[in-house]
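Work through the exercises below with the sequence and the model side by side, and try each task before reading its solution.

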Amino acid sequence: MGSLSDGGWEICDDDLIRPKQPPCLVYSFGSVEHFAFEDDISRVYGCEVHSFQVDMAWDDYNRSDLIYVHPFGVGKYTEDNPEGKELYTFGDIRTILSHKKRNIDVVKLDIQYAEWSAMQEMVEEDELDNVRQVLVEYHIGSEPTEDKLRRMLRILRGMSEAGFRKFYVHKCEKGSYHHPNYPVVRSKCYDIHYLNENFLKKKDKKPKLDDEDEEEEEEEEEEEEEEEEEVGTKAKKQVEEDDEEEEEEEAVKGKKEKDDDE
């Protein structure tokens, strides 16, 4: 979805995890007034999309009938931060927009290093339990300290423990660094896309069919039963005919033996 270069995002389109066409719901944090992702996902899936532009200098507005733009962002705390940006926790945003009781199909975060603190709050408060897919651009920075790396790993582990599994990983073209504790050069940025395995059902469970598909399946089952019944009837008839023929042969043979004895 979106640009084929920087700004493009992958969506898992498998039936059990894909955005459910209306009323699917998408949150997009940090598109920096580039709306290719929002435009594509609303067009392809018909989703209600909320785009959060923390640097926007004007009020909320509707980009289209499905895309709503808000002048605030997501953070670890609900606050006006030292830079004067209006931030809300993920849970508070859902409350403000009356989405607390709704599943969210996709959450996308590209918020330039602020994803770590925001993700920490989301993971610790279990705010992602009813989110199907999470798309994150993780920024590492130049020569992160050991404490910073440990904090990042805790957040990544928290995503895994919450049931999120990676389905796409990509190194961003935003530079690299060499850390003294690593034997190789590392990327400063990674796109990691997750799906929530809690939404996946057992593989052996049949998907729910709509009325038309269900009627077609019933007709096919009836035809199969009729064919099996017809085959069974023919087989039974053939057995009876074979038995009659065998009895006639035995009768003829017995009569012949009697005549020979006489």
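**Exercise 1.** Determine in which sense strand 3 and strand 4 run, and how many bridges join them.

*Solution.* Strand 3 and strand 4 run antiparallel and are joined by two bridges, where strands are DSSP runs of E with at least two residues, helices are runs of H or I with at least four, and both are numbered from the N terminus. Two strands count as paired if DSSP finds at least two bridges between them. Within this pair, Y61 stands opposite V69 of strand 4, and four residues lie between the two strands of the hairpin. The model is predicted, with local features needing pLDDT of at least 70 and side-chain atom pairs counting only at pLDDT 80 or more, while totals for chains, interfaces and linings use all residues. Residues are numbered from 1 along each chain as its sequence is written, and side-chain values use heavy atoms, leaving out hydrogens and water.

**Exercise 2.** Find the strand that pairs with strand 4 in the parallel sense.

*Solution.* Strand 2 (residues 48-52) pairs with strand 4 (residues 67-70) in this way, over four bridges, and H70 of strand 4 is the bridge partner of F52.
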